[in-house]
Amino acid sequence: MADSLRDQLLKAGLVSTSKKTTKNRPDRREGPDQPRRRGGKGRATQTPARTDEELDLARAYALRAKSEAAERRREKAEAERQARLRRERKQEL
C-alpha cells in the first residue's frame, strides 16, 4: 500500500512512463501571412460556463450564508437587549 497511485497504475499497465510531447493540433507558430495576436483575455482568465446544477448549488450556499448571517444578527441583538435590561434593573436597585 506504500506505492503511490501513479506507481500502481504503471504496474497495472494503464499508464505509460513516457509523456506525450505532441498533440493532434496544427502548429501554432505564426507565419508572415498570418496576423499576430496580441492582448486580449487568455484561457487562464476565462471562467468556464456554469451548469444549472452549479448555479442552484451556488444559490443554495448563498441563501444559507444569508440566513445564517441574519440569525447571528438576531442573536446578537437579543443578547444586547438582555444586557440592557440587566443594566436597567441593576440601576433601579
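Q: How many salt bridges does the structure hold?
A: There are five salt bridges in the structure. A word on the source: this is a predicted model, in which local features need pLDDT of at least 70, side-chain atom pairs count only at pLDDT 80 or more, and totals for chains, interfaces and linings use all residues. Residues are numbered from 1 along each chain as its sequence is written, and side-chain values use heavy atoms, with hydrogens and water left out.

Q: What makes Arg59 and Asp56 a salt bridge?
A: The term asks for a side-chain nitrogen of Lys or Arg within 4 Å of a carboxyl oxygen of Asp or Glu. The closest N and O atoms of Arg59 and Asp56 are 3.4 Å apart, so the pair meets the 4 Å limit.

Q: Where do Arg59 and Asp56 lie?
A: Both are in helix 2 (residues 52-92), three residues apart, which is about one turn of the helix. Helices (H or I, at least four residues) and strands (E, at least two) are DSSP runs, numbered from the N terminus. The protein chain has two helices and zero strands.

Q: Why is Arg59 called exposed?
A: Relative accessible area decides it: buried is under 20%, exposed is over 50%, and partly exposed is in between (1.4 Å probe, protein chains only). Arg59 has 51% relative accessibility, so Arg59 counts as exposed.

Q: What makes the link between Glu71 and Arg74 both a salt bridge and a polar contact?
A: As a salt bridge, the pair has its closest N and O atoms 2.7 Å apart. A polar contact is a pair of N or O atoms within 3.5 Å; within protein, one must be able to donate a hydrogen and the other to accept it, and residues adjacent in sequence count only if both atoms are side-chain atoms. The side chains of Glu71 and Arg74 make such a contact at 2.7 Å. Both residues lie in helix 2, three residues apart, and Glu71 is partly exposed because its relative accessible area is 34%.

Q: Why is Arg50 called exposed, and what does Arg50 touch?
A: Arg50 counts as exposed because its relative accessibility is 57%. Arg50 sits in the loop between helix 1 and helix 2. Leaving aside residues up to four places away in sequence, Arg50 touches Leu55 and Ala58, where contact means heavy atoms within 4.5 Å.

Q: What makes helix 1 hardly covered?
A: Helix 1 (residues 5-12) has eight residues, and the count of buried ones is zero. Just after helix 1, Gly13 takes a positive phi of about 85°. Across the 93 residues of the protein chain, buried residues make up 1%.
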